[in-house]
Amino acid sequence: MQATHTAGHAGEHTHDEHGHHPTGWKRWVTTTNHKDIGSMYLWFSFVMFLVGGAMSLVIRAELFSPGLQYVSPDFYNQMVTLHALIMVFGAIMPAFVGFANWMLPMMIGAPDMAFGRLNNWSFWLLPPAAILLTASLFVPGGAAGTGWTLYPPLSVQMGIGMDMAIFAVHILGMSSIMGSINIVTTILNLRAPGMTLMKMPLFCWTWLVTGFLLIASMPILAGAVTMLLTDRHFGTTFFNAAGGGDPVLFQHIFWFFGHPEVYIIALPAFGVISHVIPAFSRKHLFGYASMVYAIAAIGLISFFVWAHHMYVTGLPLTGQLYFMYATILIAVPTGVKVFNWVTTMWRGSLTFETPMLFALGFLTLFTIGGLTGLVLAMTAVDIQLQDTYYVVAHFHYVMVAGALFSAYAGLYFWLPKWTGHMYNESLGKLHFWLSIIFFNIAFFPQHFLGLAGMPRRIPDYAQQFTDFNVMSTVGAFGFGISQLLVLVVVFQSLKGGAKAESRPWDGAHGFEWTLPSPPPYHTFEDPPVFNPAEAHA
Amino acid sequence: MARNSIRNDYLKQLSASGARQTESTPQEDRGTRGAPSFLGRLGSVGLLATFSRAASAAWELNLQEPVTATAKHVYELHSLLLWIITVIFIGVFAVVTYSLIFHRKSKGYKASDFHDNTTLEIAWTVVPTLILVGLAFPATSALVKMRDTSQPDLTIKATGYQWKWGYEYLTGDAAGIKFMSVMSTPREQIENKAPKGEHYLLEVDRPLVVPVGKKVRVLTTATDVIHSWSVPAFAVKTDAVPGFLRDTWFRAEKEGTYRGQCSELCGKDHAFMPVVVEVVSEEKYAAWVADQKQKLASAADDPNKTWTLDELVARGEAVYTANCAACHQANGQGLPPAFPALDGSKVAKGSKQGHIEMVLNGKPGTAMASFGAQLSDTDIAAVVAYERNAWSNKLGEVIQPAEVKALRGK
């Protein structure tokens, strides 16, 4: 037994003898332990979150007033591109893989993930990809300035930074595919005896579906960027009309990956919320079965709606109609999930610790993002709003207030389990309130900017957009700075604080809460006995 | 409705007074108030309340004032959606708020234990489905009307270039008129060295001119990367895809100047290629067409003229400023490495033929576009001569249009 949670924090290696694994840096490079790898994923994702966040502040600083102030339009485009790629692939996705690594084996009573070495490899592919992406800023021509969607022919014009982005995407894709194979296998094969699929915790369900989405969609992205690479260097013309290709083909392929990607991020977030809300409502999750069906339905439909990102590319009318109807359909299972969470709270016995606050923040703001998504689904309206700040506002409500707030809910919820110490509740609450207030100051005005017609991805704008942009920038800086509180909270909890019990939340149930906090390095080497009455907590 | 009609009268006066199109007031450009119908009024007055009425353009809270039937449909559809999502949001979060207030542990509320209710679950699957099916009807009808580009009165091709729009009138009296429309906001304003004008970034040297009340079909395409031709007041936005034609249409119901921007990231100056459409009366349109035709005829160059170096350089400098300076910069230093310097460059100081071919055909896989279709032989001869004689490139070479003509298509 020893401290597994410290991520290179030397002062923590003082508990027990270390047992049978290397120490120092070798431990982290060679580890096959799901807890170690989970911690590395989480730290990596937080570092990337800070890097991507700093880039967003460059964007917002430039947009503080009309005119060009701090950066050139070229560099601005690079910031827009890297901010998105880093946040999506470097911050949000690894954060939820980190949660999966830490929690899935403990939730299902497994000793570890199914494939330990694969797990190590999936993590260690990430740093090279991150280095490729960030280093591309310093090569001649700079990073890709195409937006994260990498549309040709613009991406064919770019310099070597584009090739670095392409290889980074390849590596990230490999990492995701290996990670999801591991997760799917773990969930399907390593559950404790008696834990049937319909009895397993909902977080496992969301990751099971997400795993399949990743396995199905990541190769498609890899194919798209590989075709881009050969168009750039080997004379193919997949996306060039002069050689019989079509630039819009890339968009179809990209979004066939890109839309499931949205749910790859959202589904695990739903999973976390489905644990936090019941725990602090002291009640079972309402409608477990319908939650599972909704997750599966969302996962399935996500493959059939991709061209709603392409309403202005010249789709035929029938195509637009089909994609509009299919997109509207997604609102139904998403609505079911929201209603289930709301009903879970109904006649519960609610308390408002930080995880619950973030879950409520998620519920409120994700619902706003979902509802503006319904507006955008309507093709005629979307044609007005496509490529405006309305879209920027919409997906930040879904991605930041959705995925990020859910990640924070998970972090505060499980931190006592990981570190063995309670976090500082007042700081956590302060973090929540600053986040939600500044988030709304930053992003709510962007709806109005988009309605009034301000295009996205521009470093300079007409003067009638000034006031809301000033607001948005103030909010963004407030939001960015508030996020540093998380570091304080996490370090405090690592160093000490009130001892966490094995089950610090009286409403939380499941195998993970039967283990001591922090859990020993190896857990459930013998499968625990599953009590069906405990299920769905 | 009184407010609207007063406003419309005001606009009519504005239009009637003529000569105001290029210097139209902000109200004329970007509707700040007013809604086209009952639903629209509900949308802006009800939800956006006091703000909306007192709003200056700067605090615009809603879609721009529509000036086409399509844009009105979109405006109404958006207002309807805004109402529905607001009601849903309030409904759901009223329940949440009730729980948050009354079902607290701190108030001693004991959790009850229920976790399934089939009736409820069927209800909240079926009811939203019905609402969505209901919404699909107006959404479909608006879209079908929006996409009907048949039987236009006038067809114009809009071509996206990095970073300007080219317009060509394809049918009617104006057929044959073609010109580039380049942002006219001075660089000093962008670099904050001069106060910004009223239409900062939304003004061009030559706007697209169309007659009021006519169905104008716009074909979009591009030569380099994907652009998007967009005018919010018309609810028009269509990508311009290199190698393909897309189409859209509008029938402007009010004279005035309407402004939009490129809406697909197209490289470094994406923010600087506005779309400006002037909608004028039929008479003014006819006068404009006659004027353009005359200018076109007189501007045609005599292909047999022999040009002197001074003439070429003078003309070439103007061509350079309009077409080349955005990347290669006025001082010829470029923005390396994406946009190389011309001052002292291998191409500009190398063989004449290689230089002309570079301008004619561009360089595939880079941002260097092909200018063969955009510029006349004379313009290319002039700009190449200018580049070979400007800055430190004092080659003293004269290039005649015939030399360019000879290299075309090779």
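**Reading folds and packing**

Modeller: Keep in mind that this model is predicted.

Biologist: Among contacts in chain B between residues at least 6 apart in sequence, what share joins residues at least 24 apart?

Modeller: That share is 64%.

Biologist: Let's zoom in. How many residues of strand 7 of chain B are buried?

Modeller: Strand 7, residues 236–240, is mostly covered, with 5 of 5 buried. V236(B), T238(B) and A240(B) point one way, K237(B) and D239(B) point the other, and all are buried.

Biologist: Which sense does the pairing of strand 6 and strand 7 of chain B have, parallel or antiparallel?

Modeller: Antiparallel, over 5 bridges, with strand 6 covering residues 227–231. S228(B), for instance, sits opposite D239(B) of strand 7. The two strands form a hairpin with 4 residues between them, and A235(B) in the turn has a positive phi of about 55°.

Biologist: And how do I read a pair of helices?

Modeller: You describe two packed helices by the angle between their axes and the distance between the axes. In chain A, helix 4 (residues 116–124) packs on helix 7 (residues 160–189) at about 150°, with the axes 8 Å apart. Angles over 145 degrees count as roughly antiparallel, so helix 4 of chain A is roughly antiparallel to helix 7 of chain A. Their crossing is left-handed.

Biologist: Which residues of helix 4 and helix 7 of chain A make the contact?

Modeller: Helix 4 brings L118(A), N119(A), W121(A) and S122(A), while helix 7 brings S175(A), M178(A), G179(A) and N182(A). They divide into 3 nonpolar, 5 polar and no charged.

Terms used. Residues are numbered from 1 along each chain as its sequence is written. Chains are lettered from A and ligands numbered from 1 in the order in which they are written. This is a predicted model: local features need pLDDT of at least 70, side-chain atom pairs count only at pLDDT 80 or more; totals for chains, interfaces and linings use all residues. Axes are lines fitted to C-alpha atoms, for helices over the stretch in contact, and angles run from 0 to 180 degrees between N-to-C directions. Angles under 35 degrees count as roughly parallel, over 145 as roughly antiparallel, 65 to 115 as roughly perpendicular and the rest as oblique. A crossing is left-handed if the near helix is turned anticlockwise from the far one by less than a right angle, and right-handed if clockwise. Two residues are in contact if their C-beta atoms, placed from the backbone, lie within 7 Å. Ala, Val, Leu, Ile, Met, Phe, Trp, Tyr, Cys and Pro count as nonpolar, Asp, Glu, Lys and Arg as charged, and the others, Gly among them, as polar. A residue is buried if 20 or more other C-beta atoms lie within 10 Å of its own, exposed if 12 or fewer, and partly exposed in between; C-beta atoms are placed from the backbone. Two strands pair if DSSP finds at least two bridges between them.
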